[in-house]
Structure formats: C-alpha cells, structure tokens
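I opened this notebook to keep track of what I looked up, entry by entry, for someone who has not seen the structure before.

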Amino acid sequence: MSGLFDDDTPEPARRVPPAASQQRSRALIGTIVVLIVAFFLISVFTSVWTDRLWFKSVGFSEVFTKVLGTKVMLFLVFGVLMAVVVGANVAVAYRFRPLFRPASQEQANLDRYREVVDPLRKWLLVAVALVLGLFAGGSGSGQWRQYLLWRNGEPFGRKDPYFKLDVGFYVFDLPWFHYLVDFAMAVIVLSLIAAAVVHYLFGGIRLQSKQDRLSGAAQVQISVLAGFFVLFKALDYWLDRFNLTNDGGGLFTGIGFTDKNAVLPSKTILAAIALICAVLFFANIFRRTWLLPSVGLVLLVLSSILLGAIWPGIVQQFQVKPSEPDKEAPYLAKNIQATRQAYGISNTQVTPYDANLIQSAAQLQADSASLPSVRLLDPSLVSDAFEQLQQVRGYYSVPHVLDVDRYQINGRTRDVVLAVRELNEAGLPDTQRNWANEHTVYTHGFGVVAAYGNMSDQNDQPVPNLNNGAPVWTEKDLPPKGELSKIQPDGSYQARVYFGETSPDYSIVGKAPGGKNVELDLPAAGAAGAETNTYTGSGGVPVGSLFNKLLYAVKFSEPNIVLSSRVNENSRILYGRTPRERVQKVAPWLTVDGDAYPAVVDGRVKWILDGYTTTDHYPNSQKDSLRSMTSDALQPNTTYATLPTDEINYMRNSVKAVVDAYDGSVKLYKWDDDPIVNAWSRAFPNAIQPKAKIPAGLLAHMRYPEDLFKVQRNMLAAYHVTDAKTFYAGDDQWKVPEDPEIRTNKQPPYRLSIKYPGSSQSEFSLTSVFVPQKRQNLASFIAVGSDPTRPDYGKIKILRLPSNTQVPGPSQIANNFNNSDQIQTRVLPFTRGNAKVRYGNLLTLPVGDGLLYVQPLYIQRNTGEGTYPQLRFVLATFGDEVGIGTTLSEAVNDVLGVSNGGGTSSAGSGGNGSGSTSGGGGAVSGDVRSLLTQASDKFTEAQRALRAGDLEAYAAATKQAQDLVEQALRASERSSASPSPSGSPSPSAPSG
C-alpha cells in the first residue's frame, strides 16, 4: 500500500561536472593519439627490421646499413639545421620585441592575438621548428644518392670545352652544391617569414605607423636575413653559369651562341650585383636606413629582367637567327662530340654499302650460306604455342614475349628461343585458392621450355614442313627433357624456380623435423600422384621464431603466419622475388633493364639483368627521355623506378646482375669501367665484384643490353652526322621505322646470328634499321656484336646505303608481302574459314652485297580454346623479287627463280606476280594446282551459303573443299616422291 503514496516523479539526471567531462575528452583524445603513434611506430619498425632481415638473407647488409645510415644522418643534419635556425630566429624576434608599443588601432587589434599566443609561445615554437625540421629532414634524406656520389666521385678524365673543368665536377659536385645553396635559401626565407610574423605580432613591425615602422631589433634581424638570402642568391647565379652546359631550351642541349655571349655574362654580372646588394643589407645593420638596400634590391630585380631575359632574347632574335647555321656551328660541333662520347657511340663504324638490288643467283646463293642459322621463330608470337604445348598444368605459364639466347649443342652454337615455366597462381581453380595452397603448396615453377630458333633439329638439319607449324623443341616436358638439361658438366640440373618474374608475393617453405613435404613439385602423371618437395636452398628469411612470425604477420597483414601449423621452426619466407625487384633493392643506384632473361648455367637456371649508370648532368650532351627512347612495339611502356628524372644525357652498361632462380642469391659484376659505378663501388666496397670473377659458363650467356642499344640507336638516328652544318641542315636525319604490324610504335631491335659483310662467320648480334625522316625507304642497317666472348662485342656497325638507292623499308616490304598474289595464293587454303594470317618479325639481313628481308608467316584459328600461331611459311624478298617457301632456303630459291634442284623456276617473277605456287620455287603439278583452285572455289561457295543462312549448303561445300585439299595433299606427296622436286606443304587447316 505504501507504494501508492510514493512519489513517481523521476529523479533528475545527474549532471556531470564540466571538469570531469573535459577530463574524459582529454583522456579519449590522448588514447587515440597514443594508438596512432604506436601504430605508426610499429609499422616503421616492422618495415625497417624486415628490410634488415631481407638484406641479410641476400648478403647485402652493407647496402642496407650504409643507405639507412646516410638517410638518417642527412635527415638529422638538415632537419636539425632547419629547426634550429628557424627556431632561433623566432626566439630572437620574441626576445627583442619592443616593451612599449604606441597606442593605435592596429596594436589594439593585435592585443587579442597576443593574449592567445603568449601563453602558448613555447609550444608553438617547438611545433613550428619540429614540423619544418621534419620536412627539411625528409628533403635532405632524399638526397642520399647525390651526397654519396659527391663524397666518392672521381675525375672522368675529360674536360668540358668552355670552363675547362672535369666532367666529374658537373656529375658529382655541381648537383650537390646546388642543393646546398637552394636549401640555405629556403632556410633563410622561412626564417625571414617567421621572424617578420613575430615582429609584427609583438609590435616590432608597425605597418600603420607614419614613422619608425620597424624597431631597431626588427631592422637588424631582417637586414641580416635578407643579406644572407641575397648572398646565397649570388652564389646561385654563379653556379647557374655551369648549368648552362646542361640547358636544353635551345636548338640543342648545352651552351650555344646566345648562352656564351649573352646569358653567361649576364649570370656573372647578376652574381656581382647580388653580392653588392648583400653588402648593402649588411651595412644597414649600422646605418639604419633602407634607402641603399632598396636601391640595390631594385637594381637586382631590374638587372635580372634586362640581363636575364630581354638581352639574351635580343641577341637570339637579331644576331643569331639571321645566320644561325654559321653562329651555332662551333657550339653544335661540341654538342655532337659530347653526345657521342656520353652515349658510347663515338667509335661507331659507318661503312658505305651499295645494297645492289640485282644480283646473280649464283652470287646470292653463295652469300646465303649462313642463312640456315637465321632465327625464324618469333619470340613475340610463339608464347601461346609454348604455353599450349608445354604448359602441362593451368598454374604454369610463360611470358608474353620470350627470350633469345645461344647454346653449344652437338658442337654447334645455336640460337634458342626460351622461356621459364613459371608458377601462375591465377591459373588455379577457384576451389584451390586459399592461403595454405597459395603460400605453402604452390611455391615454385619448374624448368625452362626452349626451341631452336631456325626451326632445325638438334643436328641443325631442316625439319620437314616446318614441323607442322609447331616449335622444334630444345627442352620440353616435366620432368625436363632435352639438350639444356643434359649439357651440364656433372649431369645435375636444378630446375625449380622459386624466384621468377611471376612468382607469388610471398611463399613459406621448409618442413618441421620429421614432417611431410607439402610443396607441389611435379604434377600428377597418369595414375601416379603428384610429387612433393621441400625447399632446401639458403634463400629467404627464417620465420621460425615467434618474433619474426609477428613481424611478417604485420608486414603482410596475415594472421595465418602466426597461427598456421605449416609455419614451423625450419620455415623460411621468400618475398621480394622478381629478379628486377631484387637487383633494384640491393643496388638502388642502378637503372635496371626491363628485360630479365633466363639462362641455364652449370645446372641451374639464372636470371641475367643489365644495370645502367645514368645522369642528366653530362656537359653539352643531348638530353632525351629514357622512356621514349626505349619504348617500342614489344615494350610500349617501359619504367625505370630508380631514376630521379626521366631525361638522361649519359648512359653506361656498368653492371651485369645475376639472380639464381632457386635460392634467389644476387651477384653484381662490374662490366664497364665507368666513373659513376666506380663512385658507387667506393661507397659500397663489397657490393660489386670485378668482371674477372664472372664464370666462363655464365659469361657465354651474357649479351649486349637491349635498352642501351635502343638509346644508342635513337641517338645515332641524328648523331651519325659529325659535321655541324650538315647536322643543322637536317637533310641526313634518320629515324627508327614504325613496326609494320603495330604502326603506332617503333620497330623493336632483333637478336639473331648474322654474318656481317667482311666477316668469316656468323655472330650473335642485335640488329635494327633506319629510314630517312618522313620517308619509308631504307637508309641504313645497324648491328652491334652481342657475344661478350668475341672481340667485336659492343662494336656498333652501320651499313649506310647511298641516298640515290631506293631500297624498300620495313613498311614497304610488309605492303609488298600483303599484296603479293604469289603469297596470297599459297596462303589462301589455310585462311579459308576460321583462320587468320599473322606475320612474324621482319628481319633484315645483309646478304649478297644487298639486303635480304625475311619474315615468318603464321596461321592461327580465330576462335576456339587452345589456339596458337603455327609457323607455316617463310617469306623472303631481295630487290623487287618476293619468294615464299616452307623453309628459308626454299623462300630464297623462290626469290632467285630457281628450284631446289638448281633449275629455273617460274616463280620469282616479281613481288606481285602470279607465279608458281611451289614452296621452293619449283614447278607444282597441274593436278595439285587444279585441286587447290577447286578447293578455293568451294570455300568461297561455303562462305556465300553461310551469309545466306543456308547451313546445309555451307556444310556440304566445306566438306567438298576439305576433300579437295586432302586430294591435293596426296598429289603433292606423290609429286615429292618423284624425281621432280616440289616443296609444297600440306595445306591442311591449322590444328589448335
């Protein structure tokens, strides 16, 4: 009952005292700040410590320690310097603030700001100094490369022609001096701004006052800072004089007439004016009048406009332009000389080459003795064939563009197209995509796949009918079988590829004592189960300890690294696995070539990469974009992560890098005696090994770097001309031709063995051609020796065609092939229905005092699974004659109009003639020709029926056409068996 009389009025909510609420908010904010700081520190520690472990695992701890130590040192030096100087200026400005401030509306408005700032001034001072110090430290640490080059540089042994200073001054010293001067100016500007703000806030600067707008202390401090700024500006002007040797704003890079006679004196005069202006600012400390400093500053600004911009423009417009060839000739000559030295093209051998368009059959056949070794297999087209025929399982793959190397097989040096059979986790079924499989089971690829480049067998004998379009294997299958796996000295062959271009981001390998193997090694063969294996190499970082597990769990954001039982006391984690990534990490000063190519050496798969030293500070050498120079149809978008700038004007192949595909070990070998790489060798004494330590077996597989050749090719297009006036006239400028199949990109260089005119044997080379500017006929052929075991390695040779000789260029040759009735007649039976023609690399070969073009022709089905290009024909042309055959010899004979037996053929009657349909140029029986014609008509009839929607008629006509093709095949075989030669291949439709 008492409840009836209770008061039901709710009790008012208890109000939290404001102080307690603020305390909670502060605690929450403090907690959030602590968590953010802790997360940041843990992330930084994890990144640094795991990097340390990675560098230790590859034996390059020296690089990690030196780079990190240099970065930390520069961060502290420049950060502390910025913080101390700016902080000291703020403190001085506050310390000498006026104690008495005249009453004014301006000061009254500033009082409320002073009331807020004054209690927090110490915290604000620390905060400003700390923030600026962090930015300055970050900027300084980013200069670690330039600092180490400055510390370890050496003379180039060559002097620039204008200042008579060694090239090393421009490459090693000048960039570092410029950074120091720019940093000093930035420190002074920020100090000046900070001091001016403090002086204004606390009454040292009174903008609304009619007199005495600056206090004495403010005037002194601002005068000192302004004086130092203008002093460093004078030094900046002086250094800018030397930068003219790298100025690219004119006709060419380097000093020109206007630079020498107008800009250079202007820079000297401006430096002197700035020096005088600095003295006037310093004098203002004692004279306390702004008249003289103001006059000096106005004089400096006006002089910079008149002398720095207007006067050079007048000289250029009225003195240089009217007679530019004569005025610029001596300066252009120095640019030509410097450019040829900087890019290593000064010793290029240019040979006049008549390139006869008409040659006797006997002479051309005699000079074609080296042709059977010419590579027909196109590395950019046969990737699908390699993958379809040798992939074995969906989780293996090969690159889109394969590599070309050479091997000693049965006593002969053979060009081989090869690829590594790498792991590709994207090919796993979705049901198998889980952490355990992706990171502990599928861990490595297996072996290489290789084929003979000239489509001959292991004894270098031609394979009939181009092996029905399939590659002639040098190395194939799993377990690997072939010539590469059995040529090792002791018979051993470590085919497992744990470090490759498509390896997973990380794998954990190694089994517990007494445990089972879990890594998939070889897939199941028939009824047998898959073979497993455990990695036993020395590569990778041990992750058996809980500490390392936690580190890598944080690094890869993966708790399974800590929780999984497959991570045991013997486990190692493999990461940073692509060859290019590994080389870039251990040698961050190198520019690494985009193409890592494999080689089987002493029973192991090795990745070989080329490392370049580059700069954009070589005096008077022409600058250009590295990306644009190295981009072509095969590599349209090259990237160079270690470059501070895309523009370069000096390049050397200073280092050959080798990465072991099994254990990931990295070795750097010094290749070129370059002053830049010598500086890095002094900075990291144990990182680079001498060239003499390269094993002979490894040296045999090294080659001339492709990207360096592209850069040199780009420069030689213009700088093959050494006469300045001819260069200026531009009537002898060349260009790299467009690719006939991808018109928006340049034609790539090709690797193959060629017999250069005057040489007694074929040489592994990197080749290309030039065409004249705005024309499509051929201007010259260029090749460089690519075999380092030969004396001609690295020697660039150019066969220069006479300007009055109209030899067709690549695009014109491609048009001739496309429009040849002779070729179309041979190809027609293959392309009827669901198939298309694909043209391979268009090779240019110096043969018979002329140039022979050779192009493989592939047939590929348009639709269906498992389709790949099949090599069916070889096209050739010499002069105006076009030939086609199932071998290169047959195609050349067709060009010559002779049969395989040596008689005259009805073919070779011109590029667009309708001559014989014989593969070798010999006579084809009338029966075969008639049957093929009937088959062609039936295919046409089938296509008309298909368009009309009559599927029954389409099927009947197609069946009749196929029967006719089979009859032609049997007739061709009977003809081949008879004394009358015939090289006609089977015109059967390509199999997928």
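**Largest cavity.** I began with the lining of the largest cavity, where strand 27 gives the largest share, three residues. Strand 26 (763–772) and strand 27 (780–785) are the elements that give two or more residues to this lining. I noted 13 lining residues, of which Y756, E763, S765, G785 and K797 lie nearest the centre of the cavity. The space inside is about 90 Å³, and a search of the whole structure finds seven cavities of 30 Å³ or more. For these I used a 1 Å grid over the protein atoms alone, where a cavity is a set of points where a 1.4 Å probe fits but cannot get out, and lining residues have an atom within 4 Å of a point. Grid points are joined across faces, edges and corners, and a volume is the space filled by probe spheres set on the points.

**Ground rules.** I am reading a predicted model, in which local features need pLDDT of at least 70 and side-chain atom pairs count only at pLDDT 80 or more, while totals for chains, interfaces and linings use all residues. Residues are numbered from 1 along each chain as its sequence is written, and side-chain values use heavy atoms, with hydrogens and water left out. Helices (H or I, at least four residues) and strands (E, at least two) are DSSP runs, numbered from the N terminus.

**Helix 10.** I then checked the length of helix 10 (residues 324–342): its 19 residues should span 27 Å at 1.5 Å a residue, and the end C-alpha atoms, 25 Å apart, agree with this. The expected span is 1.5 Å times one less than the number of residues. Helix 10 bends by about 45° at P330, the bend being the angle between axes fitted to the seven residues ending there and the seven starting there. Its buried residues (under 20% relative accessible area, 1.4 Å probe, protein chains only) include E324, Y331, L332 and R340. The buried residues pack against helix 8 (257–287), helix 9 (291–320), strand 21 (650–660), helix 20 (706–719) and helix 21 (724–729), with contact meaning heavy atoms within 4.5 Å. After helix 10 comes G344, whose phi is positive, near 70°.

**F156.** Buried or exposed, I asked of F156? F156 counts as buried, because its relative accessibility is 11%. F156 is placed in the loop between helix 5 (144–152) and helix 6 (167–201). Leaving out residues up to four places away in sequence, F156 touches residues including D166, F172, Y618 and P675.

Terms used
Buried < 20%, exposed > 50% of the residue type's maximum accessible area, 1.4 Å probe, protein only. 1 Å grid on protein atoms, 1.4 Å probe; cavity = no way out; pocket = protein on both sides within 12 Å on 5 of 7 lines; lining within 4 Å.
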